[in-house]
Amino acid sequence: MTPPTGSRPATIDEYLAALEDPARTRLAELRNLVREELPEATEAIKWGSPAFVHPRGTILLVISAHKAHANFTVTPSAKEAFAAELEGLETGKGSVKLPYDTPMPEDLLRRMARHRLAEFEQDGVNWM
């Protein structure tokens with residue numbers, strides 16, 4: 001379930017506090033995963049969702065809670081680099097839908113986060 005409209009969170013902690021389970025648990029898992037893989041990134045709220053920002057100011061990825069799934073959103077190019085492994089998962093422009101009732105593909109998401117960091121630092125790929 002998404003945070004109530006009209007009460008825009010200022011921090012990821014506030015965002016998580018507004019959620020109910022299973023969304024809160026899944027988003028906390030995603031947050032921890034991203035913190036482990038991108039320790040230099042700072043946390044912010046962008047477009048009402050938790051974002052992880054490179055020290056140089058570029059968004060690296062965004063996570064968000066929805067009614068039946070969480071989204072893990074990177075750039076379209078980062079998502080495409082894993083297209084074969086994402087078969088069977090519902091995806092969007094740069095997002096991967098993670099249904100609350102299925103296990104999270106943790107190893108894949110970790111590799112996608114590292115790839116996103118590398119594509120920014122090495123290739124200069126900015127946010128969408």
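Helix 2 (residues 23-37) lies across strand 1, strand 2, strand 3 (59-65), strand 4 (69-73) and strand 5, and runs at about 165° to strand 3. Helices (H or I, at least four residues) and strands (E, at least two) are DSSP runs, numbered from the N terminus. Axes are lines fitted to C-alpha atoms, for helices over the stretch in contact, and angles run from 0 to 180 degrees between N-to-C directions. Helix 4 (residues 106-123) also packs on the sheet, where it touches strand 3, strand 4 and strand 5, and its direction makes about 145° with that of strand 3. Contact here means heavy atoms within 4.5 Å.

The model is predicted, so that local features need pLDDT of at least 70 and side-chain atom pairs count only at pLDDT 80 or more, whereas totals for chains, interfaces and linings use all residues. Residues are numbered from 1 along each chain as its sequence is written, and side-chain values use heavy atoms, with hydrogens and water left out.

The sheet itself is open and consists of five strands in the order 1-2-3-4-5, with antiparallel pairing. Two strands are taken to pair if DSSP finds at least two bridges between them. In general, strands of a sheet pair through backbone hydrogen bonds, either parallel or antiparallel. The edges are formed by strand 1 (42-46) and strand 5 (95-99), each of which pairs on one side only. From one strand to the next, the twist averages 25°. Strand 1 and strand 2 (residues 49-53) run antiparallel and are joined by five bridges; within this pair, A44 stands opposite A51 of strand 2.

S49 belongs to strand 2 and counts as buried because its relative accessibility is 13% (buried means under 20% relative accessible area, exposed over 50%, and partly exposed in between, with a 1.4 Å probe and protein chains only). Apart from neighbours within four places in sequence, S49 is in contact with Y15, A44, V62, I63 and S64. In strand 5, S95 is likewise classed as buried, at 12% relative accessibility. With neighbours within four places in sequence again set aside, the contacts of S95 are N71, F72, T73, K79 and E90.

Helix 4 was examined along its length. Its 18 residues should span 26 Å at 1.5 Å a residue, and the end C-alpha atoms are 25 Å apart, which agrees; the expected span is 1.5 Å times one less than the number of residues. The buried residues of helix 4 are L108, L109, R110, M112, A113, R116, E119 and F120. These buried residues pack against helix 2, strand 3, strand 4, helix 3 and strand 5. Just after helix 4, G124 adopts a positive phi of about 70°.

The structure holds 13 salt bridges, a salt bridge being a side-chain nitrogen of Lys or Arg within 4 Å of a carboxyl oxygen of Asp or Glu. One of them is formed by R110 and E37, with the closest N and O atoms 2.7 Å apart. Because R110 lies in helix 4 and E37 in helix 2, this pair ties together parts that are 73 residues apart in sequence. R110 is buried, with a relative accessible area of 16%, and E37 also counts as buried, at 17% relative accessibility. R114 is partly exposed, with a relative accessible area of 37%. Salt bridges that share partners join E36, E37, E106, R110 and R114 into one network.

A further salt bridge brings together the side chains of K97 and E90 (3.0 Å, N to O). K97 counts as partly exposed at 27% relative accessibility. E80 is found in helix 3 (residues 76-80) and is also partly exposed, at 49% relative accessibility. The C-alpha atoms of E80 and G94 are 8.1 Å apart in space, while the two residues are 14 residues apart in sequence.
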